[in-house]
Amino acid sequence: MLKDFDVAFTNKIKAWYSNTIFAETSLVYNVAYNLVDTNPFKKALQFPLVSIYRPSGFSVQTNQNFAARKRGIPVFEDAVTHEKTMARWLVVNLPYQIDIYSKTPEDREDLTEQLLHALSLDQYLTVSQNDKESGKDYVESYDIEYDAGPVDNSTFDEGDRIYHYALTYDVKGAKIINFKGTPAIELVSVDATLDVGGSDPDDL
């Protein structure tokens, strides 16, 4: 599912910098700049802050594999019943925007530099998608590809000055899994003896 990729991407960044959230870009921006009367996060945002989102959603690749989309391929097999779990998938591209907010330009520069280095040295995203029926996980790794940034989106009002950079990375060829079970094929004994009775062999 898409949320499995969002969770995996957020947790990867959070492992490097703990004050990381996954939230709608415009919502975090409005709260950070005090442009809304109510704070949906239930607590004050702490800075420096890293926010992750997919503001442009996702795109489906045009060259989908027929077997993967329709029939699926076996990924799990029960050792006792031999029932197979088939995986069908859609291949999509996921663009992630990483927003860095801080109260000083120095904090923004330092955190951005750390994230750029981290994603350059460890550019893999490992995603686990769970089949609820079998309880098993389908795990696969994908490349995280740099796209653009940092772009300076800072704006300054009469209140606090908040410095803001935006980076974008792509996860291409992501497989959105749909699991389905298939019954095991049972071997059945068939009596293939042909009863010809008293027929003339020439009539057969």
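Lysine 172 and glutamate 145 join their side chains in a salt bridge, 3.6 Å from N to O. A salt bridge here is a side-chain nitrogen of Lys or Arg within 4 Å of a carboxyl oxygen of Asp or Glu. Lysine 172 lies in strand S9 (residues 161–182) and glutamate 145 in strand S7, so the pair ties together parts that are 27 residues apart in sequence. This is a predicted model: local features need pLDDT of at least 70, side-chain atom pairs count only at pLDDT 80 or more, and totals for chains, interfaces and linings use all residues. Residues are numbered from 1 along each chain as its sequence is written, and side-chain values use heavy atoms, with hydrogens and water left out.

**Salt bridges**

- The whole structure holds 6 salt bridges.
- Side chains of opposite charge can pair when their charged atoms come close.
- Lysine 172 is partly exposed, at 43% relative accessible area. Glutamate 145 is partly exposed too, at 33%. (Buried means under 20% relative accessible area, exposed means over 50%, and partly exposed is in between, with a 1.4 Å probe and protein chains only.)
- Arginine 108 meets glutamate 109 in a salt bridge of 3.2 Å, N to O. Arginine 108 is buried, with a relative accessible area of 6%. Glutamate 109 is partly exposed, at 34%.
- Aspartate 152 also forms a salt bridge with arginine 108, again 3.2 Å from N to O. Aspartate 152 lies in strand S7 and arginine 108 in helix H4, so this pair ties together parts that are 44 residues apart in sequence.
- Aspartate 152 is partly exposed, with a relative accessible area of 46%.
- Shared partners link Arg108, Glu109 and Asp152 into one network of salt bridges.

**Overall build**

- The protein has 4 helices and 9 strands. Helices (H or I, at least four residues) and strands (E, at least two) are DSSP runs, numbered from the N terminus.
- Along the sequence, the pattern is α-β-α-β-β-α-β-β-α-β-β-β-β.
- The protein has 204 residues, and 34% of them are buried.
- Take the contacts between residues at least 6 apart in sequence: 71% of them join residues at least 24 apart. Contact means heavy atoms within 4.5 Å.
- Accessible areas come from the Shrake-Rupley method with a 1.4 Å probe; for residues, only the protein chains shown count as cover.

**Surface patches**

- Patches are made of residues with over 30% relative accessible area and no salt bridge. Like charges are joined within 9 Å, and nonpolar side chains (Val, Leu, Ile, Met, Phe, Trp, Tyr) within 5 Å.
- Phe58, Val60 and Leu90 make a nonpolar surface patch of about 260 Å².
- Glu106, Asp107, Asp110 and Glu113 form a patch of negative charge on the surface. Lys and Arg count as positive, Asp and Glu as negative; His and the chain ends are not counted. The place of a charge is NZ of Lys, CZ of Arg, CG of Asp or CD of Glu.
- Glutamate 113 sits in helix H4 (residues 105–121). Glutamate 113 is partly exposed, with a relative accessible area of 45%.

**Phenylalanine 58**

- Phenylalanine 58 lies in the loop between strand S2 (49–53) and strand S3 (59–60).
- At 40% relative accessible area, phenylalanine 58 is partly exposed.
- Leaving out residues up to four places away in sequence, phenylalanine 58 touches Leu2, Val92, Asn93, Leu94 and Pro95.
- The C-alpha atoms of phenylalanine 58 and leucine 94 are separated by 5.0 Å, and the two residues are 36 apart along the chain.

**Arginine 88**

- Arginine 88 is in strand S5 (residues 84–102).
- Arginine 88 is partly exposed, with a relative accessible area of 24%.
- Arginine 88 and asparagine 178 are 90 residues apart along the chain, with 5.0 Å between their C-alpha atoms.

**Cis peptide bonds**

- The bond from phenylalanine 47 to proline 48 is cis, with omega near 0°. Proline 48 is in the loop between helix H2 (25–32) and S2.
- The bond from glycine 149 to proline 150 is cis, with omega near 5°. Proline 150 is in strand S7 (residues 136–152).
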